[in-house]
Amino acid sequence: AFLAKQQCHLTGEMSREERNVVPDGARKSLSQFALLGCKATRRRAPCVPKAAARLLRRGKTNPRDMAPDSSETSVCDKMAAVDQWYVNIHHAPVSVWDAAAPFAVQVRSIRPEESVLGRCRFRLDDRAMLELDDGVVALCGGDGHRYLTEASVFEQHFVSVHPGIVHVHRCLPPLAPYVVGQIRRGKIVEAVLTCCSRGGNLRMKLKDGTWTTLINVAGATLFREVTLVDQWFLHVHVDPLPVTMDMDAQGKSVRHVGQGQLVHGNGIACNAHGAFRVLLDDGAWVTMRDPEGVQTLCDSALFEHTVFQI
């Protein structure tokens with residue numbers, strides 16, 4: 001679902017949830033630019049967005065007195081508050097303007113792969129626009145070429161669950177000339193951002209600034225979220241525990257953990273079946289709690305001071 005949402009934004013179209021459409025009765029024209037507020041006040045005066053307010057402060061104090069010019073008329077519609085992070089997936093910097101107007105002034109540029117926080121989305125002459133704290137920027141070009149795409153910003157550890165090698169690239173596009181490293185199954189990485197590439201891969205930016213693929217175009221998940229640990233676990237179940245190299249325990253077991261045996265874990269993650277699995281030192285996985293809630297491994301520290309009465 002998350003990938004589908006990311007891919008939806010690549011088309012430049014707004015999802016149904018993002019379309020905070022102002023009712024016809026509440027639409028108020030701001031004359032030359034017809035900018036729409038997000039809501040109408042009790043006095044039916046329009047809520048003027050920041051970009052429109054900057055225009056009015058330039059000397060046009062009353063929007064009704066601004067005579068429209070047919071050569072400069074633009075129409076803004078469908079204002080929607082988003083408070084969403086976006087990342088520049090264009091190969092060049094994207095300009096940020098102080099207003100959505102023909103005579104607007106460029107205030108700065110958004111570098112390739114730089115992330116920005118968008119406040120509102122709206123359409124200007126059939127182009128998707130984004131309002132930032134310091135100006136407005138086009139989400140796509142006049143030809144529909146996407147500039148900015150929705151992103152998720154966080155700090156989270158992931159573990160590679162792909163049976164093969166996952167490539168690490170120095171930039172967002174997953175192209176062979178940009179490969180700078182490899183990630184093998186069982187390796188843990190720290191990520192700070194995810195977004196969709198133009199090719200449809202859900203890409204993940206690592207803490208060191210490099211990129212790898214979280215979910216590929218075929219829908220295969222290459223990484224899973226993991227919680228880092230550094231502790232010993234005691235096998236408390238009667239039956240031997242199979243140890244597998246894959247997180248979902250679908251592959252052949254490579255060994256077993258007997259009752260009362262200690263194993264050292266580096267991470268804990270939940271697999272596709274709802275079982276909590278422990279990542280061992282050699283990159284293999286063992287079940288800590290099965291999908292039915294049966295606990296098979298416990299923290300060995302809980303048993304250090306246990307006294308058994310005979």
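User: How are residues numbered, and which parts of the model are used?
Analyst: Residues are numbered from 1 along each chain as its sequence is written, and side-chain values use heavy atoms, with hydrogens and water left out. Since the model is predicted, local features need pLDDT of at least 70 and side-chain atom pairs count only at pLDDT 80 or more, while totals for chains, interfaces and linings use all residues.

User: Why is the contact between Asp83 and Arg119 called a salt bridge?
Analyst: A salt bridge is a side-chain nitrogen of Lys or Arg within 4 Å of a carboxyl oxygen of Asp or Glu. For Asp83 and Arg119 the N to O distance is 3.0 Å, so the pair meets that definition. A search of the whole structure finds eight salt bridges.

User: What makes the Asp83 and Arg119 pair a tie between separate parts?
Analyst: Asp83 is in strand E1 (residues 76–88) and Arg119 is in strand E4 (residues 115–124), so the pair ties together parts 36 residues apart in sequence. Strands (E, at least two residues) and helices (H or I, at least four) are DSSP runs, numbered from the N terminus.

User: Why is Lys207 called exposed but Glu190, its salt-bridge partner, partly exposed?
Analyst: Buried means under 20% relative accessible area, exposed over 50%, and partly exposed in between (1.4 Å probe, protein chains only). Lys207 has 58% and therefore counts as exposed, whereas Glu190 has 22% and therefore counts as partly exposed. Their salt bridge has an N to O distance of 3.7 Å.

User: Which other residues form salt bridges?
Analyst: Asp248 pairs with Arg224, their closest N and O atoms being 3.3 Å apart. Asp248 lies in the loop between strand E15 (241–244) and strand E16 (253–257) and Arg224 in strand E13 (residues 223–225), so this pair joins parts 24 residues apart in sequence. Arg108, Arg111, Glu114 and Asp134 are linked in a network of salt bridges.

User: What makes a space a pocket, and what volume has the largest pocket?
Analyst: On a 1 Å grid over the protein atoms alone, a pocket is an open set of points with protein on both sides within 12 Å along at least five of seven lines; lining residues have an atom within 4 Å of a point. The largest pocket holds about 280 Å³, a volume being the space filled by probe spheres set on the points, which are joined across faces, edges and corners. Its lining has 16 residues, with Trp97, Leu124, Arg127, Met129 and Ala138 nearest the centre.

User: How do you know where the second largest pocket lies?
Analyst: Domain 1 (84–151) and domain 2 (153–225) both give residues to its lining, so the second largest pocket lies between them; the domain bounds come from an automatic or database domain assignment. Its volume is about 190 Å³. Of its 13 lining residues, Ile89, His90, Leu172, Pro173 and Arg198 lie nearest its centre.

User: Why is His90 called buried?
Analyst: The relative accessible area of His90 is 13%, so His90 counts as buried. His90 is in the loop between E1 and E2. Leaving out residues up to four places away in sequence, His90 touches Pro112, His145, Arg146, Tyr147 and Arg198, where contact means heavy atoms within 4.5 Å.

User: Why is Met245 called partly exposed?
Analyst: Met245 has 31% relative accessibility, so Met245 counts as partly exposed. Met245 is in the loop between E15 and E16. Met245 and Asp282 are 37 residues apart in sequence and 9.1 Å apart in space, C-alpha to C-alpha.

How values were computed. On a 1 Å grid over the protein atoms alone, a cavity is a set of points where a 1.4 Å probe fits but cannot get out, and a pocket is an open set with protein on both sides within 12 Å along at least five of seven lines; lining residues have an atom within 4 Å of a point.
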